[in-house]
Amino acid sequence: MTDNPMSLNIPIYILAGGKSSRFGNPHDDKALAEINNTPLILRLAEQLQPIANPLTIVADRADKYQHLGLNTIADHQPGLGPLAGLHRARSEEHTSELQSH
């Protein structure tokens, strides 16, 4: 997804590193489950895009959602839960702030 010139410039991070263990098959990625032939994570990203800049997915691998055109960063330590994902998002946001000044 590209930057939106009409965005509110709010950095938004979607945590998508879960194991999907409560979703049925733990090998299925719940973020890729589809509604009307569109993956859930892409539907969410499209809804948030008007206010997001940047919109970033935090997952276990940086290339996990590349095929959807979503900017994705990897958890520093995958499998440690949502707090680790939040830590990764904050460290990315801090790095971005330093680079913009």
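Biologist: How many bridges join β1 to β4?

Modeller: Two strands count as paired if DSSP finds at least two bridges between them, and strands here are DSSP runs of E with at least two residues, numbered from the N terminus. In this predicted model, where local features need pLDDT of at least 70, side-chain atom pairs count only at pLDDT 80 or more, and totals for chains, interfaces and linings use all residues, five bridges join β1 to β4, and the two run parallel. L15 stands opposite V58 in β4; residues are numbered from 1 along each chain as its sequence is written, and side-chain values use heavy atoms, without hydrogens and water.

Biologist: In what order do the three strands of the open sheet lie?

Modeller: The order is β1-β4-β5, with parallel pairing, and the edge strands, β1 (10-15) and β5 (72-74), each pair on one side only. Strand β4 (residues 52-59) pairs with β5 over three bridges, and A59 has A74 in β5 as its bridge partner.

Biologist: Is β4 mostly covered or mostly open?

Modeller: Buried means under 20% relative accessible area, exposed over 50%, and partly exposed in between, with a 1.4 Å probe and protein chains only. By that criterion six of the eight residues of β4 are buried, and the strand is mostly covered.

Biologist: Which strands does helix α1 lie across?

Modeller: A helix is a DSSP run of H or I with at least four residues, and angles run from 0 to 180 degrees between N-to-C directions of axes fitted to C-alpha atoms, for helices over the stretch in contact, contact being heavy atoms within 4.5 Å. Helix α1 (residues 40-48) lies across β1 and β4, at about 165° to β1.
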